[in-house]
Amino acid sequence: MISSARRAASASVTGRTVLVGTVNTVLTPVGGRHPRPCGRGRWAAGGVAGGMSAATRLRRLDESAEIVVLERSGHVSYANCGLPYHLGGVIAERDALLLQTPESLRERFALDVRVRHEVVGVDAAARTVTVRDLASGEVYAETYDHLVLSPGAAPSVPDVPGVKRARTLRTVEDPDALLGALAAAPRTAIVKVFGLTVAVTGWNGKRARAAGRDHRVVHTHPASHAGYYPGAAPMALKLVFDPGSGEIPGAQAVGTEGVDKRVDVIATAMRAGLTAPELADLELAYAPPFGSAKDPVNMLGYVAANLADGTTQSVQWHELEEAVAAGAHLVDVRTAGEFAAGHVPGAVNVPLDELREHAGELPAGPLVVYCGVGVGVHTATRLLTGLGRRVANLDGGYATWKTATAAAA
Ligand SMILES: Cc1cc2nc3c(=O)[nH]c(=O)nc-3n(C[C@H](O)[C@H](O)[C@H](O)COP(=O)(O)OP(=O)(O)OC[C@H]3O[C@@H](n4cnc5c(N)ncnc54)[C@H](O)[C@@H]3O)c2cc1C
């Protein structure tokens, strides 16, 4: 859809072409509601991925075109692909998914973007679309020379038992409705999203923040069972806890295997009033095909205990920019090969096994250290702290940073 919209946009610049396949539009002034002089024509279409690709491509091809984007939702440019991760708590802030606004698109691309405006009819002969302003209820006709239809798709809900309780995940508003339903429902819930299992219990970080509650967040990326036993699958766990009392307001998990078990254990611990550090002491069933000697839930407990008693400090992925702006230096303690395959911009690479030898060469000032998934970094931060350095680890390591920043991009 996106590439066909781009092709259509390219083809249309040389003539008066009607583009079909997106709901982003670019209109020409034939007496519409907003008549104005134009270059090669006036265009109209819908928003988000395909529509905005077409509209911005058109602008880059023709500075004089008059381009109107009609989008019925409240958002014109957001990362649909990040929605499951926001729901799962990997991306805490919904705002991280909002990529552009009508204002930013007007400024950069001179687009007339009208959100909450629904196209309810097209008269191809008259070259007009009928538009309903969803805020005011006003219905008006808009004229065009070229029309790009990019309405996307609607979720298909299969007719299966229990479907009345099903929710769809398509728009940026959907996670709010879904999380609202979860909050009103029993504390623990689990859903399948594109083959991934997403399980949540209690509060996420966003809710803790909104409630003004002091809290810390721990991200880990453990394997579903011992890594040396075949079939271990990665998962992402997130624990929210109160650093003073140790109380656990909530947890979220995403993965393909073993997610249900970990969230059930944490939900039970919450019900029993266990603290986050006490998760380290839980005796959980262990054999290599089923878990690890230190289960992922135990590991959350160890990390929480270190944060609660000040043994370690952490920086969340979305706090990194601010930490660097404040003078922190980034140190990547993975191997040179892992570093070469991708790293946080600005980081220097000192592999963990060489850190003791090269610690004196690190730049002065505070350090933010990271590894792949936030395990090896603990050794690195303790080593550097022991050498008198002020150190924080990047919570969840490169894995959390990469996933979260990619989804927000
Ligand atoms: C939860 C989720 C996760 C995804 N993850 C991935 C992924 O990981 N990788 C991947 O490749 N793809 C992924 N996708 C798919 C990808 O987001 C879509 O392919 C892409 O958004 C389609 O772009 P589009 O412009 O055709 O449609 P959309 O992005 O749906 O945009 C269409 C827009 O048109 C508007 N519209 C519809 N009718 C009208 C009307 N009558 N008047 C005005 N406006 C109207 C809609 O409100 C909508 O905003 C995911 C999609 C979802 C929902």
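1. In this predicted model, helix α7 has eight places to look at in turn: Val259, Arg262, Val263, Val265, Ile266, Ala267, Ala269 and Met270 are its buried residues. The cover over these residues includes the strands β11 (188-193), β12 (196-202), β14 and β15 (250-255), together with helix α8.

2. After α7 comes Gly273, which has a positive phi, near 80 degrees.

3. Gly310 follows α8, and its phi is positive, near 85 degrees.

4. Why is α8 described as largely enclosed by the rest of the structure? The reason is that 10 of its 13 residues are buried. Among them are Pro296, Met299, Leu300, Val303 and Leu307, and also the asparagines Asn298 and Asn306. The elements against which the buried residues of α8 pack are β13 (216-220), β14 (235-241), α7 (259-272) and β16 (314-315).

5. Five strands form an open sheet with parallel pairing, in the order β16-β20-β19-β17-β18. At the edges stand β16 and β18 (348-349); each has a single partner strand, so one side of each is left without a neighbour in the sheet. In general, strands of a sheet pair through backbone hydrogen bonds, in a parallel or an antiparallel manner.

6. The pairing at β18 can be followed residue by residue. Strand β17 (residues 329-332) runs parallel to β18 and is joined to it by two bridges. Val331 has Val348 of β18 as its bridge partner. Elsewhere on the sheet, helix α12 (residues 376-386) lies across β19 (367-370) and β20 (391-394), and runs at about 150 degrees to β19.

7. For the chain as a whole, there are 13 helices and 20 strands. Of the 409 residues, 44% are buried. Among contacts between residues at least 6 apart in sequence, 63% join residues at least 24 apart.

8. A final point concerns confidence. The chain has a mean pLDDT of 84, and 86% of its residues reach 70 or more. Over residues 1-41, however, the pLDDT is below 50, although this stretch has 143 contacts in the model beyond near neighbours in sequence. Where pLDDT is low, the predicted coordinates should not be read in detail.

Technical notes: Residues numbered from 1 in each chain as written. Predicted model: local features only at pLDDT ≥ 70, side-chain atom pairs only at ≥ 80, totals over all residues. Buried ≥ 20, exposed ≤ 12 C-beta atoms within 10 Å, placed from the backbone. Helix = DSSP H or I, 4+ residues; strand = E, 2+ residues; numbered from the N terminus. Contact = placed C-beta atoms within 7 Å. Pairing = 2+ DSSP bridges. Axes fitted to C-alpha atoms, helices over the stretch in contact; angles between N-to-C directions. pLDDT = per-residue confidence, 0-100.
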